[in-house]
Amino acid sequence: MIIIEQILHQCLECTIKVGPGKRDIRVATHLIDVPSIRFPLARERPFITIIRASKFIVSLLLHWKAISMKPLVAMKGAYDAKYLVEWRNDVFKQANVPSMPHQADFHAAIVGFEAASKQQNLSQKELDQKTKEHASEVTLKAAQAKLDASNQSVEQAREKAAKIADQILKQLEESLLNQPLDSSSSISLLTSASMMEAGAPKGMAFQQQVQAFGYEDLIQFFCDTDLLMQFASSGGPRKNCYAKALQIYKSIPREKDPVLQRLALAVALELCTPIDLKVGQGYEIDPVKRYKHYKQAYLAGELDPLFSTFAVWELRMAIDSDAQDDELTWGRECLRNYRPDLIYMQNPQWRYCMIVKQDVGYTNPVWWRRDKDGKEVRTYDQILSSGGKCGPRAWYGRFACKAFGIPTWGCQQPGHAALVRHTVNGWMTCLGAGIHKSYWGPVTGNDFLWMTQARYACKTDDEYMRKVLRLEWIATASGEDRALVSKNADPSSKAIWYSLALFQRKRLGKKCTDKCPPMHPKSSIVTLLDKINAQKEEKESITKDGRAIVIPGTAFTKPPKPNNQVHIHKSFMGGCQIFLQAEAEVEYTLEKCQEGRYNLTVMVCTVHRDELPMSVTVNGKDKREIAIPYTMGEWEETEPVEITLGHGVSKLAFKRGSPRYGFAVMQYRLTPA
């Protein structure tokens, strides 16, 4: 079927002029059904249909075994914005928008729901006003009773509309929603009509995109059912920038690895318009470089093992960080060095983003970096170091998850910023209230949750397109406004097909038994997380490196075991490391060491600029101060401090200063002075 479509769309070279504009017939066509084989036929004159059908048969016989053909070349000036609009309008005329069973009953039920919601709002305002006026207790109780009755009426009206929607959907599932996506021209036209309505010329930005990409390629895309379905099933291009999305998609080399194929499509769809910068300034995310970044990180095993299982719609929420690529690399390296336990922790809700609760203080952020002109430069390492309030904390939480390839969705809440992230236990809110209190752009938290649950319940993109997206295509082709439904995740009498799709998502979501099942099989690539999970968390012994004495951080003798201030973590560098928190104290016992003067250095990893010195004593005497540098998440040795070891057993005790955020220690090194 695909080969036949390639032949039909690429090989026919008819140059007959038709219509008032004398356009090339090859571009004035529509998809119709002829003996179960779709091919373009002109609609303007009957005799041309016969000629086209004849040429189709001849071309099919001549090119039956063709796999790769030269693309159709249009006459100069044949494609322009006017033509695309006319072609879109013709497709809309050809698209057969089906009727909805029980439409009148469904519409009436939604009208009843809207009336109940309006009364609910009035009752809430009345109660708020009475409360503000300090009305009597009797008056307040009456206003509250009225609101309670209104709330009940709303739920009853919603349930009535839901029951009618369920009847409609059961009936449609026996016909419209059960038709294969490639068997009916009316379905293909509905898809084309919906996508074209979103991607039609609307303003100078679209004109500039199409001039760079070409109208011919855009029109061919709308005729390419397979690629059209891939775009549609994954949510379509961000802000409907089809021309730019196609340009990006074609610029990324095709890979055999299905994970990289999905990644390429996700990048094209999500990064076809500039990402809004929350932290950085003065740059744009290069889509192709972003694809290469995640490709390299994926192949190197740096990303979460779940990354390879995500569908395109999930990957879009993983690769859309406003951080530059080198910042994402830094984010992974920093957490691996500083707090590896937050990577291999068992709680999936807080994996990676727990760093916010541990180290990003709730305070006004301090942006200390400046460019050559003295202007403020914002970067994520500054948030980790100096802290921030709800906005910067949410930004860093999203950044930490996305750096490891975990999708996040927004989000905002009344007077607050948070994030919703993917976990194996479902999409969960971090740093805020529940998802029902959330919203991101025009989408509410409930609607987003229902969408995810419906997709997981459907198992495949094909099933989700048939059962949900097809309803939305009909809504778009009918001229409905999705915002009427998405604003509050409630049905609207002015958008009944979108309302039906809303109820379908809720209906399917209830059938989702597995909260977040993998959409695709896990890759065979062994990740760094897989490797560290196989390591043991244990103490290590003191060794010698030539004349130098190497003391692993985990070799402490006091405290006798880890506590809430001294932690042992498995290290991505191999072996284990420790994390010293608050006013931690650790002591190491050296036996049979050669007495004399030694230069002591400590291999540390810090993420805060204001670390206080750490003191060291030998057998409780000769106190020295060790300056702790700001390493920005990398391993670095401190400046040497000279100490003296006596004959016999020596006890080295290290103590932190006043309470501060923690830092990681890999080892101590004693080199003869």
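Predicted model: local features only at pLDDT ≥ 70, side-chain atom pairs only at ≥ 80, totals over all residues.
Trainee: How many bridges join E18 to E22?

Mentor: Four, and the two strands run antiparallel.

Trainee: What about the turn in the hairpin of E18 and E19?

Mentor: The hairpin has two residues between its strands. Look at Asn619 in that loop: its phi is near 55°, a positive value in a residue other than glycine. At 39% relative accessibility, Asn619 counts as partly exposed.

Trainee: Where is Asn240 found?

Mentor: In the loop between helix H9 (225–233) and helix H10 (242–251). Asn240 also has a positive phi, about 60°, although it is not a glycine. Its relative accessibility is 35%, so Asn240 counts as partly exposed.

Trainee: Which side chains make polar contacts with the side chain of Thr589?

Mentor: One is that of Thr557, at 3.0 Å. Another is that of Lys651, at 3.5 Å. Leaving aside neighbours within four places in sequence, Thr589 is in contact with Ile542, Thr557, Val649, Ser650 and Lys651.

Trainee: How do I read the two faces of a strand?

Mentor: In a regular strand the side chains alternate between the two faces of the sheet. Strand E17 (residues 596–605) is joined to E21 by five bridges, and the two run antiparallel. Within that pairing, Leu600 stands opposite Val641.

Trainee: What is the order of the three strands in the other open sheet?

Mentor: E5-E8-E9, with antiparallel pairing. Strand E5 (408–409) and strand E9 (428–430) each have a single partner strand, so one side of each is left without a neighbour in the sheet. E5 pairs with strand E8 (residues 419–421) over two bridges, and Thr408 has Arg421 as its bridge partner in E8. Helix H18 (residues 390–403) packs on this sheet and touches E5 and E8; its direction makes about 20° with that of E8.

Trainee: Which residues does the cis peptide bond with omega of about 5° join?

Mentor: Gly410 and Cys411. Cys411 is found in the loop between E5 and strand E6 (412–413). Another cis peptide bond joins Lys558 and Pro559, with omega about 0°. Pro559 is in the loop between strand E13 (548–552) and strand E14 (566–570).

Trainee: How should I think about the interior?

Mentor: In soluble globular proteins, nonpolar side chains tend to be buried together. The largest nonpolar core here has 83 residues, and Phe231, Ile355, Tyr380 and Tyr396 have the most contacts inside it. Helix H11 (residues 258–270) supplies the largest share of this core, nine residues. Apart from this core lies another, of 32 residues, including Val586, Leu590, Tyr598 and Ile626.

Trainee: What is Tyr380 in contact with?

Mentor: Leaving aside neighbours within four places in sequence, its contacts include Val279, Asp322, Trp330 and Tyr396.

Trainee: How many helices and strands does the protein chain have?

Mentor: There are 23 helices and 23 strands. Of the 673 residues, 52% count as buried. As for contacts with a separation of 6 or more, 72% are between residues 24 or more positions apart.

Terms used. Residues numbered from 1 in each chain as written. Heavy atoms only, no water. Core = buried A, V, L, I, M, F, W, Y, C linked by side-chain atoms within 4.5 Å. Buried < 20%, exposed > 50% of the residue type's maximum accessible area, 1.4 Å probe, protein only. Contact = heavy atoms within 4.5 Å. Polar contact = N/O pair within 3.5 Å; in protein donor to acceptor, adjacent residues only side chain to side chain. Pairing = 2+ DSSP bridges. Axes fitted to C-alpha atoms, helices over the stretch in contact; angles between N-to-C directions.
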